[in-house]
Amino acid sequence: TVTACSDDDEPELIIEPDPVPTETIGAYILNTGNWGGNDASIQYLDIATGTVSADLYAKANNNALGDLGQDLCLYGSKLYVTVSGSSKIEILDKSCKVLKSISLTNDEGQPITPRYMTAANGAVFFTAYDGCVSRLDTLSMSITGKVAVGSHPEAITNANGKLYVNNSNYKQDGSGKTVSVIDIASFSKIKEIEVALNPYTQCLTGDDGYVYTVSNGNYAGNDKLPEEQWVYQMLQRIDPKTDTMTPLCNATFVANHGNKMYILYNEYYLP
């Protein structure tokens, strides 16, 4: 048996404090890319530093997002991205690593073009050019239902237990004049609300609980139409309790913050 001792003091045990939690305030940016270029991408804007990241999707997956990134929805711990030209939905973690990719086809196996999204009640709802709104369950990451609404549905929002969907008929002749209303609980269409011509890229729920939708009209100023036939772009408000519509003012694009609506208005042919 061998023993030994030392007069040296034991080194002081240094306990590192728990790291201070950090938080980033910013926004994911979905870049559409070039038509047919297969070069859609996702970046992150750090509000505090004003810096924008490189393509997060390419970094996380070592390939491109696809053709024509259309809409991005952050819900819970996941990102959902509609990629219109590639006819797919990508489900990602917050670093943009793919959790699941869903190819979209109709009953004949033809590709479907997905468009816009909203999220509620544990599901992501998206419009597509098959004329339907589909329900994507966030836990199983699978499509669990589909409701027909109208030709070429575009922007979508949720309010008061219902979905509101712009029906533009854009790819045909832009003659759509309705917003479809879907009951979320039963996932069925319950009515249509008549609005101004060609409701298109914006349908949002304001901080006041009302639904706001922008109709694009027939692109006033087009020399193919006489001036008396021009239909100007219009912002409208829908009360989700009564589903009554009130026209508000000319608008091309709107953003809501608190009790104010910020409006850009610029007719395509009348800059």
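Two strands count as paired if DSSP finds at least two bridges between them, and strands themselves (E, at least two residues) are DSSP runs numbered from the N terminus. The model here is predicted, so to speak of local features takes pLDDT of at least 70 and side-chain atom pairs count only at pLDDT 80 or more, while totals for chains, interfaces and linings use all residues. Residues are numbered from 1 along each chain as its sequence is written, and side-chain values use heavy atoms, with hydrogens and water left out.

E5 (residues 78-83) and E6 (residues 88-92) run antiparallel, joined over five bridges, with Thr82 partnered by Ile89. Four residues sit between these strands in the hairpin, and Ser87 has a positive phi near 50° there. On to E4 (residues 69-75): E4 also pairs with E5 in the antiparallel sense, over six bridges, and Tyr75 stands opposite Lys78. This hairpin has two residues between its strands, with Gly76 at a positive phi near 65°. As for cover, six of the six residues of E5 are buried (under 20% relative accessible area with a 1.4 Å probe, protein chains only; exposed is over 50%, partly exposed in between). Lys78, Tyr80 and Thr82 take one face, and Leu79, Val81 and Val83 the other.

Now the rings. The structure holds four aromatic pairs (Phe, Tyr or six-membered Trp rings with centres within 6.5 Å; planes under 30 degrees apart are stacked, over 60 edge-to-face, the rest tilted). Tyr268 is exposed, at 61% relative accessible area.
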